[in-house]
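Q: Could you walk me through this one? I'd like to start with an annotated residue and then move on to how the chains meet.

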There are 4 protein chains.
Amino acid sequence: MQLGLVGLGKMGGNMRERIRRAGHTVVGYAPHTPSADAHSLADMVDALDAPRVVWLMVPSGEATQSVVDELSDLLSEGDVVVDGGNSRWTDDARHAEQLGARGIGFVDCGVSGGVWGLENGYALMYGGDAEHVAKVQPVFDALKPEGDAGAVHAGKVGAGHFAKMVHNGIEYAMMQAFAEGWELLEAAEEVTDVREVFRSWQEGTVIRSWLLDLAVRALDDDEHLEQLRGYAADSGEGRWTVEAAIDHAVPLPAITASLFARFSSRQDDSPQMKMVAALRKQFGGHAVENAKSA
Amino acid sequence: MQLGLVGLGKMGGNMRERIRRAGHTVVGYAPHTPSADAHSLADMVDALDAPRVVWLMVPSGEATQSVVDELSDLLSEGDVVVDGGNSRWTDDARHAEQLGARGIGFVDCGVSGGVWGLENGYALMYGGDAEHVAKVQPVFDALKPEGDAGAVHAGKVGAGHFAKMVHNGIEYAMMQAFAEGWELLEAAEEVTDVREVFRSWQEGTVIRSWLLDLAVRALDDDEHLEQLRGYAADSGEGRWTVEAAIDHAVPLPAITASLFARFSSRQDDSPQMKMVAALRKQFGGHAVENAKSA
Amino acid sequence: MQLGLVGLGKMGGNMRERIRRAGHTVVGYAPHTPSADAHSLADMVDALDAPRVVWLMVPSGEATQSVVDELSDLLSEGDVVVDGGNSRWTDDARHAEQLGARGIGFVDCGVSGGVWGLENGYALMYGGDAEHVAKVQPVFDALKPEGDAGAVHAGKVGAGHFAKMVHNGIEYAMMQAFAEGWELLEAAEEVTDVREVFRSWQEGTVIRSWLLDLAVRALDDDEHLEQLRGYAADSGEGRWTVEAAIDHAVPLPAITASLFARFSSRQDDSPQMKMVAALRKQFGGHAVENAKSA
Amino acid sequence: MQLGLVGLGKMGGNMRERIRRAGHTVVGYAPHTPSADAHSLADMVDALDAPRVVWLMVPSGEATQSVVDELSDLLSEGDVVVDGGNSRWTDDARHAEQLGARGIGFVDCGVSGGVWGLENGYALMYGGDAEHVAKVQPVFDALKPEGDAGAVHAGKVGAGHFAKMVHNGIEYAMMQAFAEGWELLEAAEEVTDVREVFRSWQEGTVIRSWLLDLAVRALDDDEHLEQLRGYAADSGEGRWTVEAAIDHAVPLPAITASLFARFSSRQDDSPQMKMVAALRKQFGGHAVENAKSA
């Protein structure tokens, strides 16, 4: 089939390649991008036969909204837009309604896979009406990993990004779990070879997992992680997961703890712990450490 | 080689079988157990040629201590005791010292594998002096899974149980991560097929893991887990992990949250939330729910 | 001065009384309320001399929005609207802009005090332009407690509700702190008189506080809180506090833990702990409790 | 009455003064201390008429044990030892047994008050047999604050230190609550005067408390706490509180979060966040910050 693909960054570029390998035609567009196959969104749309399928791999928020706005004018009844970016699930219903008013279908799709996706395939979680999903199915089949798993029609519009968001929330807590365990092992004087303990866990244990494999790989590169700072960014999906949990009154203590640990890691000095220090100083004459500037 | 094995429960019985399949001789003993190969600890010791290796698979605490006490009299210089049970790592140095005073070696070994171990092998983490470990090595090789991973000499006496304990702490937080994600997906009206979302994650995602495979298996048995109560026991090792973290001033927010979630799950009514309700009633005239008995 | 007051519930009714005791004229309106002084918003506005001040004590969200919509038509340039309800701080800028387009000022005001406010005064936190605040000042002075503290111009529009929201977030964690301590004391067999321990803390300790006084009062009513269920509602402001923290990448572990404890308290059975139980059953043959219906 | 007082540090010295002001005789001893009233423990004991009461204000652990050991030889049947230091409650039963074997009574007493105790009195929580407590009562009455509250016979031996430990656990979470709220207010651009918001809370709010008063005092000294580092020590009792909770399977999420926040505050770089950064780097090609030394 033919696919219009908007966004040719690290993810979009690799996905174009994987879809082409499966025998499909991809017309890729991104502004100011030499490898683009079209010079404008309009050119891209013109190059596709109706009914068209256009896949977005664009930063969430304003950038995605702007492309949706343009496509709602350029596309025609019966076409389908797939938002494969990291949009917040709450944007999806709005986009579906906006495009639906023009007879254009909408599917949201969470995509996991990172730099490994080109070779191994991308895990896909998508939401939307069955008739819209059906039009995209050959592309989903091209992108997904081999095997039975790796792709799911998760539910209504929004379900794809919701499922991907929860995937990332789980990922936060799993990473935090390994990180906490690693720090504790490194702190124990009895344990003299933490890296080999991690390696041993790759077989026969309850916690064997791809993240464990990556941890071993990281420790093989740098046994005590001395080359890295204890500083972790967050991509927004962890925050959205906690917000969704609050909306639904679902307690998420481990995932939220993992998010907060990242927040703390980015503070050079903790304001809240200044207040704790100040209170200790007030009530107890406890010695506190003065700021370096003091 | 020959091995004395004390404890023939679900774990010990299967381990005897796996060691025998590797061609070793096992003299198993457990009190009041028809399948035992010896009628007493003394008989078991007599049936082994020196230098002997005796492996304990006995409940931690008093039961293990009692066997160590007896063996310190029955065994001889050059023999080695392996504690393969779930002992707290802080017991190991004491046992090593007690046996060492008689010239008997000591190795502690954390064992993971559960009911799957007989066929797939047991992950092993052990601690102790190299000379003592060497005497047990053929048994470790018989028990461990195939492949390079699955067994590690983690460090000094205590390191084996410490590493196994941390493994279990990580396991707590990973289970909690999947559990939190599952509850949130079930709460989202957009997501209509949570089980298939979980299944899809088994390929191509960051969170693919054996625990995810088990979650899918559990959902295949009972899609919404309606046959189970939200009640989770804990086996002690999660508690010890948090205590070890406190000893080392290592923050473990996700693992501790997972432990506390289990504590809460076992309370029919939460005392602390009675107090919160009482305070709300006092200061705000907030409506609170009276106890059923009221 | 004259004040229009919309909303005559438990809070609004008592506030009308306290403002009147200070010598001001209050024209109160609420639909279908016998004690109302005006039969409609329009009547209320007509009864006030310009420049008018109208104070809202109406449920946040749609109800408040609806009154703001009506008042933006009924009021005139130079008038001021005060939102004293529990609005989310993010609503305030929108209301200020909407009213400001008509020349009407806007002040947001968080109010604390509950059933004790009529006699002891209400703590007030307000935000907005100084000129608008100045027009409301006599009412603030009437409502606030005696003494220097109890009222603050916290900053720009939104600052009042933001400060009140954070107050409530702190309140959540303080209540949780006493609740956790109480449960632990009740669990300790050494401690035979937990209520008297709480009472003793009212003098000379670091934790003496009004909430502690309320806890003692609650324990005097019902020593072991047997008349209450461990079930705590939340009023929204705890949720907003966590959301604001996420917006600002500020870690709030204790406040968030307190919110999640309330969420959990309202679940008859915990879905996430069903999943933990299911995983334990899968990997270990651990005994789990079946649902009562099973 | 007469009292032997061992330990004349900041706490012990002030307590001697307060007891003397109440008209009692105090024989204070501390090694190498010019202000001591006796030159040795033996001298101190000799200076007291039987039945004697000896109060310890000595660091917990070995120092306290050593004094208990000596006193068990020096004292006589019918005498009473009071441990007023910060001993772990699990030490108390051992000390009571050791002394009881010689007919010497034992009372454990948690003392709160810090530098304010001399003038305002010390909050006291004590545990032990009624007959032993009775012998110390005049000293308790001298030390406690005025008013009905401030002292409690909390239960059996150990109950005093247990109650004081829980007091400190609650204190950790209350301090954390104010600290989290303060950081969030400082981060909000709407709120332009955080210090005045805190000051306003001192009247009429749900969270008014002595700790809030101290926070205001600290902010008056240093409005944005720029003179302090975000670094908070812990005195051991927070750790013990969490350990006691684990022993009793009581969830303490807010108190534990407060303890972990202190642990984190003392790490220049977080090992666990290095692992999170390493995993992000492995799976996603996410940019991570290299260590400064890299």
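What follows is a short chat about a predicted model.

Q: Which residue does the UniProt "active site" annotation cover?
A: According to the unreviewed UniProt entry, the "active site" annotation covers A:Lys164, a residue placed in helix H7 (residues 159–187) of chain A.

Q: Buried or exposed, that A:Lys164?
A: A:Lys164 counts as buried, because its relative accessibility is 6% and the cut-off for buried is under 20%.

Q: And what is A:Lys164 in contact with, leaving aside its neighbours within four places in sequence?
A: With those neighbours set aside, A:Lys164 contacts A:Asn86, A:Gly110, A:Val111, A:Ser112, A:Met125 and A:Glu237.

Q: Switching to B:His167, where is it found?
A: B:His167 lies in helix H7 (residues 159–187) of chain B, and B:His167 is buried, with a relative accessible area of 0%. The B:His167 side chain makes a polar contact with the side chain of B:Asn168 at 2.9 Å, and, not counting residues up to four places away in sequence, B:His167 touches residues including A:Trp201 and B:Ser112.

Q: OK, new topic: how much area do chain B and chain C bury between them?
A: Chain B and chain C bury about 5300 Å², 62% of it on carbon and sulfur atoms, with 58 residues taken from chain B and 58 residues from chain C. On the chain B side, B:Arg229, B:Gln282 and B:Phe283 lose the most area to chain C, together 14% of what that side buries.

Q: How many salt bridges between chain B and chain C?
A: The count is 0 salt bridges between chain B and chain C, whereas 14 residue pairs are in polar contact there.

Notes:
Residues are numbered from 1 along each chain as its sequence is written. Chains are lettered from A and ligands numbered from 1 in the order in which they are written. This is a predicted model: local features need pLDDT of at least 70, side-chain atom pairs count only at pLDDT 80 or more; totals for chains, interfaces and linings use all residues. Side-chain values use heavy atoms; hydrogens and water are left out. UniProt positions are given in the numbering used here, feature names are shortened, and annotations may be inferred rather than shown by experiment. Helices (H or I, at least four residues) and strands (E, at least two) are DSSP runs, numbered from the N terminus. Buried means under 20% relative accessible area, exposed over 50%, partly exposed in between (1.4 Å probe, protein chains only). Contact means heavy atoms within 4.5 Å. A polar contact is a pair of N or O atoms within 3.5 Å; within protein, one must be able to donate a hydrogen and the other to accept it, and residues adjacent in sequence count only if both atoms are side-chain atoms. Buried area is the accessible area (1.4 Å probe) that two parts lose on being put together, summed over both. A salt bridge is a side-chain nitrogen of Lys or Arg within 4 Å of a carboxyl oxygen of Asp or Glu.
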